[in-house]
Amino acid sequence: MDWKQCEEQPDYHTKISRVTQHPYQLPSADDLSTESHKWIESRPCSISPTGFADGAIVDGGGGVLFRFFCRRYVWAAGESVRPVAVLVAGGVSVLMVAGGGVSRASSSLISPHKMGKMHLLAGSNWPAIGLCFFFFFLIASSAKIPTSKIPSTTKKSSALGVQLQVTDKQVVIDNGIVQVNFSSPGGDVIGIKYKEMDNVLETKNYENNRGYWDVVWSRPRDSNIFDKVQATKFSIIVQNEDQVEISFSKIWSPSMDKTTVPLKVDKRYIVRRGSSGLYLYAVMERLKGWPDVDMDQIRVVFKLQSEKFHYMAISDDRQRVMPMPQDRTTGQPLAYPEAVLLTNPVNPQQKGEVDDKYQYSCENKDNKVHGWISNDPPVGFWMITPSNEFRDAGPVKQDLTSHVGPIVLNMFGSVHYAGKDLNTEYRNGEPWKKVFGPVYVYLNSIPPSENPKALWEDAKRQMSTEVKSWPYNFPRSEDFPSSDQRGNVVGQLVVRDPYINEKLIDASLAYVGLAAPGAVGSWQTEVKGYQFWTQADKKGSFSIKNIRAGKYSLYAFVPGFLGDYKYNVDVIIQPGSEIKLGVLTYDPPRNGTTLWEIGIPDRTASEFYVPDANPTLVNKLYIDSPANKFRQYGLWERYTDLYPKNDLIYTVGVSNYAKDWFFAHVNRKVGNTAYKATTWQIIFELKSVMQSGSYTLQIALASATNSELQVRFNNANVKRPLFTTRLIGKDNAIARYGIHGLYWFYSIQVPASQLLQGKNTIYLTQTRNGSPFSGIMYDYIRLEAPTKA
């Protein structure tokens with residue numbers, strides 16, 4: 001038969017590939033030739049529903065019996081023969097032919113050219129097949145090289161080596177557990193075969209819309225461009241039985257399409273022996289002198305089979321059966337495109353719910369594993385992030401996880417919950433390089449009789465294993481340093497606030513981190529470098545491990561105390577550094593004794609009053625979840641329901657901030673599209689006013705979106721406020737169900753002339769009324785008496 005005839009066989013792969021290298025001896029091309037039939041090439045075939053392509057013959061329980069290699073052999077002549085399998089043991093090859101008997105070991109093969117799926121024990125030739133097995137064991141037992149039992153495939157070990165197949169347009173890596181297909185040279189993940197699922201990715205999508213990297217970028221002051229990063233070159237980095245690492249790379253040039261981000265990109269993928277998944281990372285680089293750009297988002301995306309994966313898990317208390325993609329199409333769009341009211345869902349129990357991908361966002365420090373579960377077959381697909389060193393803006397930066405699609409994301413960087421206050425601009429030919437990852441795409445399965453939620457528990461265990469293994473020792477990029485090329489920093493942080501305690505206070509559970517040198521608190525807008533954070537123990541002791549070499553500032557913030565800490569000396573990390581900083585002292589903002597306070601200084605608005613959602617606009621997942629109550633749609637409109645005419649008034653010593661302080665200072669709706677600025681009041685008493693020195697009003701904001709806070713004392717109508725923030729904030733946390741965005745802190749000096757003996761009123765006005773989402777969230781407010789002499 002000729003090549004054209006071969007290609008037309010419906011059960012053939014579409015591309016011809018040469019025999020891959022295997023850990024056991026394969027028949028050579030000469031062995032596969034006879035005097036009348038010349039062997040040309042081979043391609044993989046599938047043995048049976050319970051077998052592995054190029055893998056092992058298994059019993060009914062999945063146990064490995066022995067190694068085989070199955071091929072469709074193409075010959076110059078066109079005769080048709082039943083399928084064959086080459087069995088290997090002790091270095092001796094034996095050919096099995098269903099219905100044909102056994103050839104001598106390592107000798108010429110009969111030449112089938114038309115092979116479909118088969119089961120080795122199926123058909124009407126039991127005697128011949130039994131003879132084949134008998135002859136196989138006879139040869140194996142008589143071989144000089146002793147045979148060894150091949151263990152069953154597990155997460156930790158596999159008898160099957162990692163195999164690589166390369167064609168003009170596809171690359172396939174197979175370790176006997178997962179088989180991953182990539183487009184070449186573009187480098188998209190177009191297929192992942194696991195267990196009974198030939199492809200866990202959405203086959204209804206085009207190949208470039210299943211598993212891919214993308215960058216959202218723009219030229220200065222121009223509109224955003226969405227670039228699915230396509231490589232132009234494929235190369236093999238490592239290829240052996242234990243690991244295959246491959247690279248898909250490109251270098252930008254001015255001749256490229258105007259939608260191509262000016263970057264040098266190297267996308268890497270790794271499959272390891274015994275690993276039930278795929279490791280991936282990317283090295284992105286700007287060379288000196290390249291064009292000015294903004295890069296607002298860098299991520300990797302996987303889109304799963306929508307007919308299979310219906311259950312999503314983000315955390316122990318955030319998991320549910322999700323709506324179908326078509327439910328969003330048939331639903332009613334709400335105040336913005338991401339939010340949709342489900343009016344005719346496939347699952348009628350979900351009718352009346354709101355779906356929005358931002359309802360499933362997560363802080364970086366908690367975003368370690370998330371994904372989806374298929375019930376039939378019971379398979380899990382998980383995104384595991386073992387380190388946050390390559391993510392932007394520190395441990396409490398929020399971002400997307402998984403959402404309806406079903407879609408699984410790893411957001412390495414974005415302006416979500418921060419806006420353009422993040423430093424995403426690259427100017428004046430600034431060079432830059434960063435490694436994103438590696439992260440781990442993990443697949444698991446259980447017997448149908450078990451509870452599918454066991455897959456989530458297993459994914460968490462696997463996540464813990466990956467975290468303990470960081471930094472990995474197997475990536476081969478010179479830009480990813482191993483553990484011995486990194487350094488460690490230890491120390492203790494204490495707090496000095498004599499107005500609370502004359503003794504030093506342990507910075508209990510403080511967040512301590514290293515990030516690029518900058519001003520106090522600059523870590524929360526820093527995206528270009530790496531950040532390394534840890535949480536101190538109850539004594540304030542901290543240990544930051546596996547830090548990349550470089551120059552850093554050490555930053556911290558302490559729950560229960562205002563402001564940000566910065567160590568006043570740069571920290572220089574060299575390979576092998578073991579830096580002991582000793583005891584560091586944080587002096588939080590403080591000018592005098594606390595007269596009164598509202599809230600808890602924890603950088604969030606979670607302690608304040610979060611209303612119940614409109615019952616016609618709920619996400620049922622959060623109805624009985626107080627910790628996630630703020631994730632309901634439309635809570636900003638509930639302010640108007642609660643305060644239809646008059647604004648919030650809070651009386652110190654009488655009101656309770658958990659019940660009487662609305663979580664977001666927003667505008668009042670006065671028409672279909674009209675909004676009115678609001679002014680909140682804080683009423684408090686002073687027995688006397690100290691004329692020497694100034695009082696201090698400390699205000700910490702947990703979020704700000706296109707807002708301006710003006711502060712007045714005892715006269716709401718005075719034209720010029722005592723203080724204004726001016727226009728601040730772009731984090732959009734109110735609309736995106738965030739209980740915080742970026743942190744803002746203001747220390748306001750209040751002259752004694754502004755205060756009265758007896759009753760006083762502070763007027764807090766959010767002046768920008770152009771949108772329902774313009775507003776602020778308070779973290780903490782405190783009035784301090786003047787400093788004592």
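Biologist: How many helices and how many strands does the protein chain have?
Modeller: The protein chain holds 789 residues, and 57% of them count as buried. Among contacts with a separation of 6 or more, 70% are between residues 24 or more positions apart. As for the elements of this predicted chain, the count comes to 6 helices and 53 strands.

Biologist: Where is Pro406, and which residue does a cis peptide bond join to Pro406?
Modeller: Pro406 sits in the loop between strand 28, residues 402-403, and strand 29, residues 407-414. The cis peptide bond has an omega of about -5°, and the residue that this bond joins to Pro406 is Gly405.

Biologist: Which element holds Pro438, where the peptide bond from Gly437 is cis?
Modeller: The peptide bond that runs from Gly437 to Pro438 is cis, and its omega is near 5°. Pro438 is part of a strand that covers residues 432-445, namely strand 31.

Biologist: Is Tyr417, a residue other than glycine with a positive phi, buried or exposed?
Modeller: The phi of Tyr417 is near 60°, and this residue is found in the loop between strand 29 and strand 30, the latter being residues 425-426. Because buried means under 20% relative accessible area, and Tyr417 has a relative accessibility of 1%, Tyr417 counts as buried.

Biologist: What is the phi of Asn546, and is Asn546 buried or exposed?
Modeller: Asn546 lies in strand 36, which covers residues 541-547. Although Asn546 is not a glycine, its phi is positive, at about 55°. Its relative accessibility is 16%, and since the cut-off for burial is under 20%, Asn546 counts as buried.

Biologist: What distance separates the C-alpha atoms of Leu164 and Asn175?
Modeller: Leu164 has its place in strand 8, residues 163-166, and with a relative accessible area of 6% Leu164 is buried. Along the chain, Leu164 and Asn175 are 11 residues apart.

Biologist: What is the volume of the largest cavity, and which residues are the closest to its centre?
Modeller: A search of the whole structure finds 6 cavities of 30 Å³ or more. The largest cavity has a volume of about 110 Å³. Of the 15 residues that line the largest cavity, the closest to its centre are Met295, Ile298, Gly413, Tyr426 and Val527.

Biologist: Which strand gives the largest share of the lining of the largest cavity?
Modeller: The elements that contribute two or more residues to this lining are strand 18, residues 293-303, together with strand 29 and strand 31. By residue class, the lining of the largest cavity divides into 8 nonpolar, 4 polar and 3 charged residues. The largest share, 4 residues, comes from strand 18.

Biologist: Which residue in strand 49 is the bridge partner of Gln710?
Modeller: An open sheet of 5 strands runs in the order 42-46-52-48-49, with mixed pairing. Its edge strands, each pairing on one side only, are strand 42, residues 649-651, and strand 49, residues 723-724. Strand 48, residues 709-713, runs antiparallel to strand 49 and is joined to strand 49 by 2 bridges. In strand 49, the bridge partner of Gln710 is Thr724.

Definitions and conventions
Residues numbered from 1 in each chain as written. Predicted model: local features only at pLDDT ≥ 70, side-chain atom pairs only at ≥ 80, totals over all residues. Heavy atoms only, no water. Buried < 20%, exposed > 50% of the residue type's maximum accessible area, 1.4 Å probe, protein only. Contact = heavy atoms within 4.5 Å. 1 Å grid on protein atoms, 1.4 Å probe; cavity = no way out; pocket = protein on both sides within 12 Å on 5 of 7 lines; lining within 4 Å. Points joined across faces, edges and corners; volume = space filled by probe spheres on them. Nonpolar A, V, L, I, M, F, W, Y, C, P; charged D, E, K, R; others polar. Pairing = 2+ DSSP bridges.
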